[in-house]
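Open the model in your viewer and keep the selection tool ready. Each stop below says what to select and what is there.

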Amino acid sequence: MRVGSMVAFCLAVMLFGIATFASWYEGSDLVERPFEWDSTAKITSWWNHGAVERENISQLDYFIYSLKYKPLFPILMLISFVYILFAVGKRWMKGKGILSVYSAGIAVMLFCGAMLVGGSPTEGGKLMMAALIVSGGLLTVYASFNYLQLTRNIER
């Protein structure tokens with residue numbers, strides 16, 4: 001792995017860690033807003049059969065709250081995580097046709113995620129949907145060009 005690629009990968013891992021911590025911190029505001037528990041504390045509601053109290057709010061619900069109302073860090077988490085997945089796949093599947101399938105698979109998962117958050121009425125949900133679609137679109141374009149390049153090399 002080249003030095004530039006290694007630095008970019010390490011920066012993406014650090015960005016993911018920092019963005020995760022910041023999202024978790026910003027989402028902890030959910031504890032102080034009981035009127036948001038019905039619409040945001042979905043995971044806690046599932047785990048506790050509908051009973052949501054201040055003491056049993058799941059840490060994962062913090063990320064949902066952060067995504068809905070303070071979406072900068074969750075979107076940075078998404079972008080850095082997708083880059084990490086792509087970089088690992090590119091490193092391990094270098095020169096293989098499976099890289100196109102791997103990239104397309106990640107793109108499909110991103111598009112499915114966009115469909116899940118697509119009905120969100122909040123600005124954060126709409127921004128996350130846009131980030132998922134753009135990321136998935138870029139990976140689809142990359143997978144297409146990689147596949148075309150691979151088929152041209154096979155024909156020669």
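**Stop 1: the largest pocket**

Select Ile64, Leu67, Gly113, Val117 and Met128: of the 28 residues lining the largest pocket, these lie nearest its centre. A pocket here is an open set of points on a 1 Å grid over the protein atoms alone, where a 1.4 Å probe fits, with protein on both sides within 12 Å along at least five of seven lines; lining residues have an atom within 4 Å of a point. This is a predicted model, so local features need pLDDT of at least 70 and side-chain atom pairs count only at pLDDT 80 or more, while totals for chains, interfaces and linings use all residues. Residues are numbered from 1 along each chain as its sequence is written, and side-chain values use heavy atoms, with hydrogens and water left out.

Two or more lining residues come from each of helix H1 (3-27), helix H3 (42-47), helix H4 (59-69), helix H5 (72-92), helix H6 (98-117) and helix H7 (123-155). Helices are DSSP runs (H or I, at least four residues), numbered from the N terminus.

How large is the volume of the largest pocket? It is about 860 Å³, taken as the space filled by probe spheres set on the points, which are joined across faces, edges and corners.

Colour the lining by class next. It has 20 nonpolar, six polar and two charged residues. Ala, Val, Leu, Ile, Met, Phe, Trp, Tyr, Cys and Pro count as nonpolar, Asp, Glu, Lys and Arg as charged, and the others, Gly among them, as polar.

**Stop 2: salt bridges**

Select Asp29, Arg33 and Lys70. They are linked in a network of salt bridges. The whole structure has two salt bridges (a side-chain nitrogen of Lys or Arg within 4 Å of a carboxyl oxygen of Asp or Glu). Between Asp29 and Arg33, the closest N and O atoms are 2.9 Å apart. Between Lys70 and Asp29, the closest N and O atoms are 4.0 Å apart. Lys70 sits in the loop between H4 and H5, and Asp29 in the loop between H1 and helix H2 (37-40), so this pair ties together parts 41 residues apart in sequence.

Buried means under 20% relative accessible area, exposed over 50%, and partly exposed in between (1.4 Å probe, protein chains only).

**Stop 3: aromatic pairs**

The count is four aromatic pairs. Rings of Phe, Tyr and Trp (its six-membered ring) pair if their centres lie within 6.5 Å; planes under 30 degrees apart count as stacked, over 60 as edge-to-face and the rest as tilted.

Select Phe21 and Trp24. Their ring centres are 5.8 Å apart and their planes are at 50°, so the pair is tilted. Both lie in helix H1, three residues apart, about one turn of the helix. Phe21 is exposed at 54%; Trp24 is partly exposed at 36%.

Move to Tyr65 and Tyr69. Here the centres are 5.1 Å apart and the planes at 50°, so this pair is tilted. Tyr65 is buried at 5%, whereas Tyr69 is partly exposed at 37%.

**Stop 4: cysteines**

Select Cys10 and Cys112. Cys10 is partly exposed at 39%, and Cys112 is partly exposed at 38%. The whole structure has zero disulfides (pairs of cysteine sulfur atoms within 2.5 Å).
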